[in-house]
Amino acid sequence: MIAIIDYGMGNLHSVSKAVERLGFTALVTSDKEQIAAAGGAILPGVGAFGDAMANLRAAGLIEAVKDFAASGKPLLGICLGMQLMFTESEEHGRHEGLNLLPGEVVRFRGDGYKVPHMGWNRLAFQRDSALFRGVEEGHVYFVHSYHVVPARREHVLATTDYYQQVAAVVGADNVYGMQFHPEKSGETGMRLLGNFLALCRQ
């Protein structure tokens with residue numbers, strides 16, 4: 001069973017349907033005991049970083065997510081959910097994150113290109129990862145105005161080029177993040193998500 005953590009912000013339905021299409025049972029839940037009992041967990045997210053952290057805090061889920069990460073079972077953050085895994089964000093002020101991975105979330109800066117970054121961009125794998133087994137460096141779907149700058153280069157598993165190198169997939173030990181939406185990214189996205197789910201069986 002895969003727990004999809006419900007804190008009031010995220011594409012819960014589309015993520016749960018994608019998990020089920022890949023042959024796993026998805027449980028959308030904000031129950032701490034159900035999250036702890038799951039074989040893997042997904043932290044989705046759409047919206048503002050500060051609001052998301054406030055919702056997690058109000059629901060009593062910050063420690064639940066941290067405890068799950070500490071358990072060694074696979075945890076995946078998607079889009080805003082990936083950003084929440086880092087130390088802090090500058091979105092609408094400074095906000096403390098979950099600090100599962102060191103680094104900060106910053107706004108795209110530069111002239112001559114559109115923000116938010118929205119559309120299909122190609123992945124470039126930077127390190128070997130179980131997430132990439134049988135997957136080619138295809139295009140995936142992004143929608144974001146802020147991006148992660150990890151403090152440790154080895155945590156960047158894949159990048160994409162949007163007028164700069166942007167962390168697209170991150171990971172350390174059992175904690176992973178995808179800045180794009182794998183459930184909306186066609187075959188490439190589904191294979192990446194499937195590889196994460198396969199880790200939940202081990």
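Strand S1, helix H1 (residues 12-21) and strand S2 form a right-handed β-α-β unit, where a crossover is right-handed if, with the strands pointing away from the viewer, the path from the first strand over the helix to the second runs clockwise. Helices (H or I, at least four residues) and strands (E, at least two) are DSSP runs numbered from the N terminus. The model is predicted, so that local features require pLDDT of at least 70 and side-chain atom pairs count only at pLDDT 80 or more, whereas totals for chains, interfaces and linings use all residues. Residues are numbered from 1 along each chain as its sequence is written, and side-chain values use heavy atoms, with hydrogens and water left out.

Within this unit, S1 pairs with S2 (residues 26-29) in the parallel sense over 4 bridges; pairing requires at least two DSSP bridges between the strands. Ile2 is placed opposite Ala26 of S2.

The largest nonpolar core comprises 34 residues, and Ile5, Tyr7, Leu56 and Leu84 have the most contacts inside it. Such a core is a set of buried Ala, Val, Leu, Ile, Met, Phe, Trp, Tyr and Cys residues joined through side-chain atoms within 4.5 Å; buried denotes under 20% relative accessible area, exposed over 50% and partly exposed in between (1.4 Å probe, protein chains only). Elements that each supply at least two residues of this core include S1 (2-5), helix H3 (49-58) and strand S13 (165-172). Helix H4 provides the largest share, 5 residues. Beyond residues up to four places away in sequence, Tyr7 touches Leu43, Pro44, Gly45, Ala52, Asn55, Leu56, Leu61, Leu80 and Leu84, contact being defined by heavy atoms within 4.5 Å. A second, separate core of 33 residues includes Ile4, Phe132, Ala168 and Phe180.

Helix H6 (residues 186-199) has 14 residues, which at 1.5 Å a residue should span 20 Å, in agreement with the 20 Å between its end C-alpha atoms; the expected span is 1.5 Å times one less than the number of residues. Because 10 of its 14 residues are buried, H6 is largely enclosed by the rest of the structure. Among these buried residues are Met190, Asn195 and Phe196. The buried residues of H6 pack against S1, H1, S3, S4 (75-78), S10 (139-144) and S14 (175-178).

His117 lies in strand S8 (residues 117-122) and counts as buried because its relative accessibility is 0%. The side chains of His117 and Asn121 are joined by a polar contact of 2.8 Å, a term denoting a pair of N or O atoms within 3.5 Å; within protein, one must be able to donate a hydrogen and the other to accept it, and residues adjacent in sequence count only if both atoms are side-chain atoms. Leaving aside neighbours within four places in sequence, His117 also contacts Phe108, Phe142, Val143, His144, Thr160 and Tyr162.
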